[in-house]
Amino acid sequence: MLAALAAGGRTVRWWIGALMGDHDYARYVAHLERMHPGTEIPTEREYWRIRYADADANPGARCC
């Protein structure tokens, strides 16, 4: 019973992290390594700066 509760807690934590974008940088690094070997990989801080700058420059379909 306790193990099932702990597993459920881990699942909820993973799901919330996925909603907030916690896994995006790791996915981006894996993509760069797979599709663009030898490319310089930005730090996580640089990744988020680039991502937010792009979102501001190209707002797309969002409410605000």
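A salt bridge is a side-chain nitrogen of Lys or Arg within 4 Å of a carboxyl oxygen of Asp or Glu. I start my notes with that rule. The model I am reading is a predicted one.

**Entry 1: salt bridges**

I searched the whole structure and got two salt bridges. The side chains of Asp24 and Arg51 meet, N to O, at 2.4 Å. That is within 4 Å, so the pair counts as a salt bridge. This pair links distant parts of the chain, with Asp24 in helix α2 and Arg51 in helix α3, 27 residues apart.

Next I looked up Arg27. Arg27 also forms a salt bridge with Asp24, and the closest N and O atoms are 2.5 Å apart. Arg27 and Asp24 both sit in helix α2, which covers residues 24–35. They are three residues apart, so about one helical turn separates them. I noted the background: an α-helix has 3.6 residues a turn, so residues three or four places apart point the same way.

Asp24, Arg27 and Arg51 are joined in a network of salt bridges.

Which of these residues are buried and which exposed? I checked each one. Asp24 has a relative accessible area of 12%, so I list Asp24 as buried. Arg27 comes out at 54%, so Arg27 is exposed. Arg51 has 35%, which means Arg51 is partly exposed.

**Entry 2: how α2 meets α3**

At what angle do α2 and α3 pack? I read about 100°, with the axes 10 Å apart. Angles of 65 to 115 degrees count as roughly perpendicular, so α2 and α3 are roughly perpendicular to each other. I listed the residues that make the contact. From α2 come Asp24, Tyr25 and Tyr28. From α3 come Glu44, Tyr47, Trp48 and Arg51.

**Entry 3: Tyr47 and the aromatic rings**

I picked Tyr47, which has its place in helix α3. Its relative accessibility is 10%, so Tyr47 counts as buried. I left aside its neighbours within four places in sequence and looked for contacts. Tyr47 is then in contact with Asp24, Tyr25, Tyr28 and Pro42. I also took one C-alpha distance. Tyr47 and Val29 are 18 residues apart along the chain, and their C-alpha atoms are separated by 9.6 Å.

Then I turned to ring pairs. I counted four aromatic pairs. One of them joins Tyr47 and Trp48, with 5.1 Å centre to centre and 75° between the planes. Planes over 60 degrees apart count as edge-to-face, so this pair is edge-to-face. Both Tyr47 and Trp48 are buried.

Which residues make up the aromatic cluster? I found Tyr25, Tyr28, Tyr47, Trp48 and Tyr52 in one cluster.

**Entry 4: Tyr52**

Tyr52 lies in helix α3, residues 44–57. At 52% relative accessibility, Tyr52 counts as exposed, because the cut-off is over 50%. I also compared Tyr52 with Met1. They are 51 residues apart in sequence and 42 Å apart in space, C-alpha to C-alpha.

I went back to helix α1, residues 2–20. How far does α1 reach from its first C-alpha to its last? Its 19 residues reach 27 Å, close to the 27 Å expected at 1.5 Å a residue. Gly21 follows α1, and its phi is positive, near 90°.

His23 has its place in the loop between α1 and α2. His23 has a relative accessible area of 28%, so I put His23 down as partly exposed. Not counting residues up to four places away in sequence, His23 touches Trp14, Gly17 and Ala18.

How values were computed: Residues are numbered from 1 along each chain as its sequence is written. This is a predicted model: local features need pLDDT of at least 70, side-chain atom pairs count only at pLDDT 80 or more; totals for chains, interfaces and linings use all residues. Side-chain values use heavy atoms; hydrogens and water are left out. Helices (H or I, at least four residues) and strands (E, at least two) are DSSP runs, numbered from the N terminus. Buried means under 20% relative accessible area, exposed over 50%, partly exposed in between (1.4 Å probe, protein chains only). The expected span of a helix is 1.5 Å times one less than its number of residues. Rings of Phe, Tyr and Trp (its six-membered ring) pair if their centres lie within 6.5 Å; planes under 30 degrees apart count as stacked, over 60 as edge-to-face and the rest as tilted. Axes are lines fitted to C-alpha atoms, for helices over the stretch in contact, and angles run from 0 to 180 degrees between N-to-C directions. Angles under 35 degrees count as roughly parallel, over 145 as roughly antiparallel, 65 to 115 as roughly perpendicular and the rest as oblique. Contact means heavy atoms within 4.5 Å.
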